Structures are given as C-alpha cells and as structure tokens.
Amino acid sequence: MEKKYMIKQLSVFLENRKGRLDDVLATLASSDVNIVAMSLADTSEFGMLRIIASDPFAGKKVLKEAGFTAVLTDVVALRVPHQTGSLSKAMHQIVEAGVNIEYMYAFANNEDASAVLKSDDPEKVVAILQNTGFGVWTEQEAYMATSGN
C-alpha cells in the first residue's frame, strides 16, 4: 500500500462565546475521535480550531451533525529532531524552494517534535523535506500519534 503524506486536518469555525470549544471537544469524545494535535486562534467574533484527529472524516461528520461548520484541509506533518536549529533548517529548505507557509503549529511525542504546516503547495513541501533529509509523518502515523500504536 502506498504511503500517503498529506494529512487531513479538521478545521472548525467557532463563534467566540463561552462553551463552544467544550461543545466541540465533547462531540468528538462522544464519537470516539481522539485529538492528536490542536491549535485554536481567535478574533473578536470567531475562532478557528484546527485539529489532527484519529479519524478526521468521522470527526467532520459528527461535528456537522451537531451544527458546527467543519472542513478538511491538506497539511504536512514534519518530524523535527530535538536539536537546536532543526526547525529553522527545515523552514529554510521550504523558503529556498519558493513555497509559502500559511500557518504552523506543533505537537510532540516521546521520540521527536513535530510541526503541522499548511502551505500553498503541500506536495512540494513533502518532496522538499524528504529530499533534504527531514522526516514527514504518514497519514497513519499522524492519526495514531498518541495512541501508542
């Protein structure tokens, strides 16, 4: 089976009001969707919750059924060795290739740190990173990163 390096990120639009994040988390938990990584950014009126989940397709389905606006987005999960300057070296390779990084957030496991990257050309980012010696999570690895499997 071919390895897939595009990770599906679950993006959820939230009204900026008390309890909305709790509602999303409870909805996912009740459907047995595990959160592997998460980022929440806000403005005065709404928030954007970005999640790497054990089953992004099921997560999107249950959130839509619960009345949330949720979409799936392709992202790349870069493995970053626990060494000073590792992230800088990886970003330099991407910038040198002319690819724009729109946003990024981090997560970690016992072995290494990782950065989730949204870019204007995720397939090119995967190729750049792999060709310059950086590891990239497969879909299977990313979705199960905290399960111990």
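Mentor: The crossing of helices α1 and α2 is right-handed. This is a predicted model, and the description that follows should be read accordingly. Helix α1 covers residues 20-30 and helix α2 residues 56-65; their axes come within 9 Å and cross at roughly 125 degrees. Angles of 65 to 115 degrees count as roughly perpendicular and those over 145 as roughly antiparallel, and α1 and α2 are therefore oblique to each other. On the side of α1, the contact is made by Val24, Thr27 and Leu28, and on the side of α2 by Gly59, Val62 and Leu63. Of these contact residues, four are nonpolar, two are polar and none is charged.

The axes of helix α3, residues 86-96, and of α4 come within 10 Å and cross at roughly 125 degrees. That angle makes α3 oblique to α4. The crossing of α3 with α4 is right-handed. Ala90, Gln93 and Ile94 of α3 meet Val125, Ile128 and Leu129 of α4. The residues of this contact comprise five nonpolar and one polar, with no charged residue.

Leaving aside residues up to four places away in sequence, phenylalanine 134 touches Leu78, Arg79, Ser86, Lys89, Ala90, Gln93 and Leu129. Among these, Ala90 and Gln93 of α3 and Leu129 of α4 also take part in the contact between the two helices. With a relative accessible area of 15%, phenylalanine 134 is buried, because buried means under 20%. Its C-alpha atom is separated by 23 Å from that of serine 39, which is 95 residues away along the chain.

There remains the matter of aromatic pairing. The count comes to one aromatic pair. Its members are phenylalanine 107 and tryptophan 137, whose ring centres are 5.6 Å apart and whose planes stand at 40 degrees, so the pair is tilted. Phenylalanine 107 belongs to strand β5 (residues 101-108), while tryptophan 137 is in the loop between β7 and α5 (139-143); the two are 30 residues apart, and the pair thus links distant parts of the chain. Both partners are buried: phenylalanine 107 has a relative accessible area of 9%, and tryptophan 137 has a relative accessibility of 3%.

Note on methods:
Residues numbered from 1 in each chain as written. Predicted model: local features only at pLDDT ≥ 70, side-chain atom pairs only at ≥ 80, totals over all residues. Heavy atoms only, no water. Axes fitted to C-alpha atoms, helices over the stretch in contact; angles between N-to-C directions. Helix = DSSP H or I, 4+ residues; strand = E, 2+ residues; numbered from the N terminus. Parallel < 35°, antiparallel > 145°, perpendicular 65-115°, else oblique. Left-handed = near helix turned anticlockwise from the far one by under 90°. Contact = heavy atoms within 4.5 Å. Nonpolar A, V, L, I, M, F, W, Y, C, P; charged D, E, K, R; others polar. Buried < 20%, exposed > 50% of the residue type's maximum accessible area, 1.4 Å probe, protein only. Phe/Tyr/Trp six-rings, centres within 6.5 Å; stacked < 30°, edge-to-face > 60°.
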